[in-house]
Amino acid sequence: MKINCSKNALSEALGNVSRAVATKTTLPALEGILIKAHGSSVSLTAYDLELGISTEVEAAVAEEGDIVLSAKLLLDMVRRMPTERVQIVSDEKGYTLISGGVTEFNIIGIPAEDYPELPEVSGGEQVSLDALTLKSMINQTIFSVAVTDTRPVQTGSLFELDENTINIVSVDGFRLAMRRERLQNGKVMRFIVPAKTLSEVSKLIGEDEVKVNIYVGRKHIIFDVDGYKVISRLLEGDFLDYKNAIPEGGTSRVRVSVRSFGGCVERASLLITDRLKSPIRCVFEQDVVKISCITTIGKAYDEVACKNDGAKVEIGFNNKFLLDALRACDTDEVFLEMSGPLSPMKILPPEGDSFLFLVLPVRIKSENA
């Protein structure tokens, strides 16, 4: 194999693809990137047996061929090349020369035959979404994905499509996040994508108005994202019946500024550490939210204006869970719906139904106790 290509293009592609390289594996090939030179381009593939990312880079291919090279070494070498072009030459024994001007590196690669094949997705369904819409939907729900594997199915997000809408839902047992978009899809689908996959898809989406094509198979899914293909296994299992988990209505409906409310919660959270945990106490009155926190360090108090159309509610929350939900809001104001101190709080947009966040309360002691 003998190729010559742009340093910047190769470096960017290697940086994106290498995020799917296995970090702990008994297969040395999985710690590398599969390079295949053909025609007028070079393809780059990384795969950790659960997530794979591949792309192509334009190149001058003098000799076609393939090789697996250490992902970390290759990326570091290419990034530090002093020239605008990089040349990679490998022979039948795997000896590989990576050069730019007078700078040269010699490393030993692994035969491409030792690299596992990526799964194929055939005979499945296809759907297209605006890339920026998908990125928004992922970023507004991924914070609610479970980080432990007690229930593996909750370490991913549920995609639920019908003829007119697409919902993405994440739950972790303490909170729920749902994003909804109108979509003239004509298909009915339901599948669960690992959070790691969605995180990588979001990172690959830039600022351009492009489409993301999604191919859904029985056990795997492919996201075709702006020149990159992200292939992932799907999660299997029974996802939470989230529709029944969302309470109907509420005895209190509070309209409040997201920025002001979030700022108060952040300030009250300054007294909370990993060692000193304490709930944020929120008292929703008719025209003000009183926010306080008490730890062994001291006390914090703040308040923010609101409009409460219902009863007074005194309720406690985990500060991180509440802040995560508020930061995911893409509106200036939100409605907060509650039915008492022990019922989940819904966070809703002032108009429409584009998102819904559910935060479970924390039991709080009486201030006089």
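These are my notebook entries on what I looked up in one protein chain.

**Ground rules**

I am working with a predicted model, in which local features need pLDDT of at least 70, side-chain atom pairs count only at pLDDT 80 or more, and totals for chains, interfaces and linings use all residues. Residues are numbered from 1 along each chain as its sequence is written, and side-chain values use heavy atoms, with hydrogens and water left out.

**Entry 1: the domains**

I began with the overall division of the chain. I found domain 1 (2-114), domain 2 (125-244) and domain 3 (248-362); such bounds come from an automatic or database domain assignment. I looked up the centres of domain 1 and domain 3 over C-alpha atoms, and they are 49 Å apart.

Next I checked the UniProt record. Its positions are given in the numbering used here, its feature names are shortened, and its annotations may be inferred rather than shown by experiment. The unreviewed entry gives "domain: DNA polymerase III beta sliding clamp N-terminal" for residues 1-119. I read off 17% helix and 46% strand over residues 1-119, with the end C-alpha atoms 25 Å apart. Helices (H or I, at least four residues) and strands (E, at least two) are DSSP runs, numbered from the N terminus.

The unreviewed entry also lists "domain: DNA polymerase III beta sliding clamp C-terminal" for residues 244-363. Over residues 244-363 I noted 19% helix and 40% strand, and 22 Å between the end C-alpha atoms.

Is serine 11 buried or exposed? I found it buried, with a relative accessible area of 14%. Buried means under 20% relative accessible area, exposed over 50%, and partly exposed in between (1.4 Å probe, protein chains only). Serine 11 sits in helix α1 (residues 7-17). Setting aside residues up to four places away in sequence, I saw serine 11 touch Leu75, Val78 and Arg79, where contact means heavy atoms within 4.5 Å.

Lysine 36 belongs to strand β2 (residues 32-38). I noted lysine 36 as partly exposed, at 38% relative accessibility. Leaving aside neighbours within four places in sequence, lysine 36 is in contact with Ser41, Val42, Ser43, Gly65 and Asp66. I also looked up lysine 36 against serine 202: they are 166 residues apart in sequence and 26 Å apart in space, C-alpha to C-alpha.

Why is helix α4 (residues 195-204) largely enclosed by the rest of the structure? Seven of its ten residues are buried, so the rest of the structure largely encloses it. I wrote down the buried ones in α4: Ala195, Thr197, Leu198, Glu200, Val201, Ser202 and Leu204.

Helix α3 (residues 131-139) packs with α4 at an angle of about 140 degrees, with the axes 9 Å apart. Axes are lines fitted to C-alpha atoms, for helices over the stretch in contact, and angles run from 0 to 180 degrees between N-to-C directions. I therefore put α3 and α4 down as oblique to each other. The cut-offs are under 35 degrees for roughly parallel, over 145 for roughly antiparallel, 65 to 115 for roughly perpendicular, and oblique for the rest. In this pair, Leu134, Lys135, Ile138 and Asn139 of α3 meet Leu198, Val201, Ser202 and Lys203 of α4.

**Entry 2: helices α6 and α7**

How do I describe this second pair? Helix α6 (residues 258-268) and helix α7 (residues 319-328) pack at an angle of about 155 degrees, with their axes 10 Å apart. α6 and α7 are therefore roughly antiparallel to each other. From α6, Val258, Phe261, Gly262, Val265 and Glu266 meet Asn319, Leu322, Leu323, Leu326 and Arg327 in α7.

**Entry 3: residues in loops**

Most residues other than glycine have a negative phi. I looked up two with a positive value. Leucine 49 has a phi near 80 degrees, and its place is in the loop between β3 (41-47) and β4 (51-58). Aspartate 226 has a phi near 45 degrees and lies in the loop between β16 (220-225) and β17 (228-233). Leucine 49 is partly exposed at 45% relative accessible area, and aspartate 226 is partly exposed at 45%.

My last stop was serine 343, in the loop between β23 (333-338) and β24 (345-348). Serine 343 is partly exposed, with a relative accessible area of 23%. Not counting residues up to four places away in sequence, serine 343 touches Ile315 and Pro361.
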